[in-house]
Amino acid sequence: MEQRSLGRTGDNVSALCMGCWEIGGLAWGAMAAPTAVDLVQRAFDAGITTFDTAECYGNGRSEVLIGEALRGRRENAFIISKVGYLPGIDGAQVVLGFPQPQDYSPKRIRDACDLALRRLQTTYIDAYLLHDPPMHVVEHEAPFETLKQLQDAGKIRWWGVSATTGQTEVAAEAIRRWDAPVVETPFSAIDDSAADVVLPLAAERGTGVFARSPFANGLLMLNDEEIDALPDTDWRRSDVFRARMKAAAEPRERIQDLADQRDEPRHTTGIGFVLGHDAVSTCIVGLANDRDITANAPAGNPPYLDADEIKTTRVGPTS
């Protein structure tokens, strides 16, 4: 699998990163712990050596399983984790339509980092991010000064923010105001708003970019029948997600047309759109089973979409 530069950090990361919300809790359907550990190890063997998690994914369960899976392999893996949502609700963001409790105070960040280190069975986290912070949090120095202190202590190597859907400006502000070494942002053919602000700014400043949700949580891939077949606990069965499906119809069609022209599966084209942008360091893909690994791993190698192909997909954000 291609190794891509992580901005000015000097690190390289695998072109694909395993998103580990799925293995943490019920937001995507239950997964047995042994199955999850095996899945992480199979992804690693397939060349996916970058892993994205958070303390709220299953109230720390995702971190625990990653730590177990990477025992003996830690030095060859790159782990991203996040802090901000308070534990107590499985998957944290699973309760759609209601505000979720967050805390970005220095004490909370320090305490959460120490707990994450224990769960991950490691002495350091490669990238530690503020998880979906509101803009007013990013405008204050205290959280970032705390992250820098953790970096100085050797507990984290790099720091930044992870922006939520519709809030890519939060990632841009972290780069502008604090010169964040890394940021995570939604980026897909469904919601390509990061291409207008975050990616050019990251390229200018040398910020590494973790691009998440290349399929926009399934908006690019799922049809109504497939949504109906999802586990009852999967949040994508909600009316909120189904409304987003309708809004995503046009970019889905454009990607499908391009996939037909390239003679490849739609998901490969979706990943190729993301990795076709040089400012992107890694593309975070959710993996739920061996089929997902087999299907997605080849997409972590070029050729990706070129500039002309990318232009045909640009329709702007839908959420």
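In this predicted model, strand E7 (residues 156–162) and strand E8 pair in the parallel sense, and three bridges join them. One of these links can be named: Ser162 has Glu184 as its bridge partner in E8. Helix H6 (residues 168–178) lies across E7 and E8, and its direction is at about 165° to that of E8.

**The barrel**

E7 and E8 belong to a closed barrel of eight strands, which runs E3-E4-E5-E6-E7-E8-E9-E10 with parallel pairing. From one strand to the next, the twist averages 25°. As a general point, the strands of a sheet pair through backbone hydrogen bonds, in either a parallel or an antiparallel manner.

On the E9 side, strand E8 (residues 182–186) pairs with E9 in the parallel sense over five bridges. Within this pairing, Val182 has Gly208 of E9 as its bridge partner. The chain passes from E8 to E9 by way of helix H7 (residues 198–205), and this β-α-β crossover is right-handed. E9 also pairs with strand E10 (residues 282–286), again in the parallel sense, over two bridges. Here Phe210 has Thr282 of E10 as its bridge partner.

**Strand E9**

How many of the five residues of strand E9 are buried? Five of the five residues in E9 (residues 208–212) are buried, so the strand is largely enclosed by the rest of the structure. This covering applies to both faces: Gly208, Phe210 and Arg212 are buried on one side, and Val209 and Ala211 are buried on the other.

Thr168 is a residue of helix H6. Its relative accessibility is 12%, and because buried means under 20%, Thr168 counts as buried. Apart from neighbours within four places in sequence, Thr168 is in contact with Ala163, Thr185, Pro186, Ser193, Ala194 and Val198.

In the loop between H6 and E8 lies Asp179. Asp179 is not a glycine, yet its phi is positive, at about 55°. With 34% relative accessibility, Asp179 counts as partly exposed.

**Helix contacts**

The axes of helix H2 (residues 61–69) and helix H3 (residues 106–120) come within 7 Å and cross at roughly 40°. Glu63, Val64, Ile66 and Gly67 of H2 form the contact with Ala116, Arg119 and Leu120 of H3. By class, the residues of the contact of H2 with H3 are four nonpolar, one polar and two charged. The buried residues in H2 are Ser62, Glu63, Leu65, Ile66, Gly67 and Ala69. Their cover includes helix H1 (33–45), strand E5 (78–83) and H3.

A second pair of helices is formed by H9 (residues 239–247) and H10 (residues 249–262), whose axes come within 5 Å and cross at roughly 60°. H9 is therefore oblique to H10. Met245, Lys246 and Ala247 of H9 meet Ala249, Pro251 and Arg252 of H10. The contact of H9 with H10 comprises four nonpolar, no polar and two charged residues.

Helix H10 also contains Asp260. At 53% relative accessibility, Asp260 counts as exposed. Between Asp260 and Pro34 there are 226 residues of separation in sequence and 38 Å in space, C-alpha to C-alpha.

**Selected loop residues and accessibilities**

Asn59 is located in the loop between strand E4 (50–52) and H2. Its phi is near 55°, a positive value in a residue other than glycine. In another loop, between helix H12 (290–296) and helix H13 (307–313), lies Pro303. The peptide bond from Pro302 to Pro303 is cis, and its omega is near 10°.

The table lists the relative accessibility of some residues named in this report.

| Residue | Relative accessibility | Class |
|---|---|---|
| Thr168 | 12% relative accessibility | buried |
| Asp179 | 34% relative accessibility | partly exposed |
| Asn59 | 37% relative accessibility | partly exposed |
| Asp260 | 53% relative accessibility | exposed |

Terms used
Residues are numbered from 1 along each chain as its sequence is written. This is a predicted model: local features need pLDDT of at least 70, side-chain atom pairs count only at pLDDT 80 or more; totals for chains, interfaces and linings use all residues. Side-chain values use heavy atoms; hydrogens and water are left out. Buried means under 20% relative accessible area, exposed over 50%, partly exposed in between (1.4 Å probe, protein chains only). Helices (H or I, at least four residues) and strands (E, at least two) are DSSP runs, numbered from the N terminus. Two strands pair if DSSP finds at least two bridges between them. A crossover is right-handed if, with the strands pointing away from the viewer, the path from the first strand over the helix to the second runs clockwise. Axes are lines fitted to C-alpha atoms, for helices over the stretch in contact, and angles run from 0 to 180 degrees between N-to-C directions. Angles under 35 degrees count as roughly parallel, over 145 as roughly antiparallel, 65 to 115 as roughly perpendicular and the rest as oblique. Contact means heavy atoms within 4.5 Å. Ala, Val, Leu, Ile, Met, Phe, Trp, Tyr, Cys and Pro count as nonpolar, Asp, Glu, Lys and Arg as charged, and the others, Gly among them, as polar.
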